[in-house]
Amino acid sequence: MKKKIIYILAVVLLIGAIFGYTYYQKIFGKTITKDVVLFVTNSDSLLDIQKEIENFSINPDSFLWVAAKKRISKVKHGRYLLKKGMSNNDLLNMLRSGRQTPFKLSFNNQDTLEKIAGRIAEQIEADSISLINSFRDLQFLSKNNLTNKSVLQIFIPNTYEFYWTVSPEKFRAKMLVSYKIFWNKNRLKKAKKLNLTKEEVTTLASIVQKETAQNSERPIVAGLYLNRLRKGWALQADPTIIYCVKEKKGQDFVVKRVLTIDLEIESPYNTYKYIGLPPALIAMPDISSIDAVLNAKKHNYMYMCASVEKLGYHTFAKSLIQHNRNADKYHQWMNKKKINR
């Protein structure tokens, strides 16, 4: 009888140990099998999250059980970096507290506000429409002396750190702060030396950006346009004409060749008709284009034309006669290639 009681107690203890170990493992045991990013939207339920972690959890079914034990019915949305070996307890504590991991958000130069909004919306929770509405908020524009056109200048192409759940307003605010930091005393001093405001430098940089993709050429192109501004000449910048054409025909309209008729478009951005800089930037310039204007190369060039010998580059001229020769050569090349538009 005594041996039987001992045997029963041993079995009970063993069952208890197994039960306790299982209980412990469900809550504190290693569950996550690899480092992975988990996105939780505002509408996701715990069941949605359980389905999401099925591919990288040893026992995803225990997730809901542990959540019930911890009396967790709702977690905070966000972008979470899960580490290999995390337990259900670790995971649920992270989700309940909203302990997100910031990430690196980046964007390059974009032509329009719609395009930059789309690029950002690919990386954060907010959609492009809410971002555009934030960028075009009348109170924000008025307070910062911006317009629907010029607001594009506050976006300096770079890499920034954000939380995935950042609101459009907070994103906009960080862009404005970064813009002000970018325009430090040194850059403002250089702009003043050129007799330009930072807005005018950005506008000219946007033209330089569109004129050439070659970083080595940008200071030369910037210097040429500055020469024209100083002499009171029209810039006659083809990128501004392309901008005008796209304003009329849509951003997806392809312009491979500027036509004579395009030069007659009535627009303050038409630098063939109006002397000086256009009212605002025609695209988002990157840092190299802005600094190319601020550190423009000094020379006597007044004309430039796309090169046919070195595609992607330009030939520069000091006289109209020399320029006309270069232009004729380029037009003949365009005709030969049958590039009519």
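Lys-115 is partly exposed, with a relative accessible area of 33%, where partly exposed falls between buried (under 20%) and exposed (over 50%), using a 1.4 Å probe and protein chains only. Its partner in a salt bridge is Asp-111, with the closest N and O atoms 3.6 Å apart. This is a predicted model, in which local features need pLDDT of at least 70 and side-chain atom pairs count only at pLDDT 80 or more, while totals for chains, interfaces and linings use all residues. Residues are numbered from 1 along each chain as its sequence is written, and side-chain values use heavy atoms, leaving out hydrogens and water.

- A salt bridge here is a side-chain nitrogen of Lys or Arg within 4 Å of a carboxyl oxygen of Asp or Glu, and the structure holds 11 of them.
- Asp-111 counts as partly exposed, at 21% relative accessibility.
- A network of salt bridges links Asp-111, Lys-115 and Lys-210.

**Bridges between separate parts of the chain**

- Lys-149 pairs with Glu-247 in a salt bridge whose closest N and O atoms are 2.8 Å apart.
- That pair links distant parts of the chain, 98 residues apart: Lys-149 sits in the loop between α7 (138-143) and β4 (159-162), and Glu-247 in helix α12 (residues 238-249).
- Helices (H or I, at least four residues) and strands (E, at least two) are DSSP runs, numbered from the N terminus.
- Lys-149 is partly exposed at 33% relative accessibility, and Glu-247 is partly exposed at 42%.
- Lys-329 forms a salt bridge with Glu-309, with 3.4 Å between the closest N and O atoms.
- Lys-329 lies in helix α14 (residues 320-336) and Glu-309 in the loop between β5 (303-306) and β6 (314-317), so this pair ties together parts that are 20 residues apart in sequence.
- Lys-329 counts as partly exposed at 42% relative accessibility, whereas Glu-309 counts as exposed at 59%.

**A buried glutamate**

- Glu-217 is found in the loop between α10 (198-211) and α11 (218-231).
- Glu-217 is buried yet has no salt bridge, and the nearest side chain of opposite charge, Lys-310, is 7.4 Å away.
- The side chains of Glu-217 and Thr-212 are joined by a polar contact of 2.9 Å; such a contact is a pair of N or O atoms within 3.5 Å, and within protein one must be able to donate a hydrogen and the other to accept it, with residues adjacent in sequence counting only if both atoms are side-chain atoms.

Definitions and conventions
Lys, Arg positive; Asp, Glu negative; His and termini not counted.
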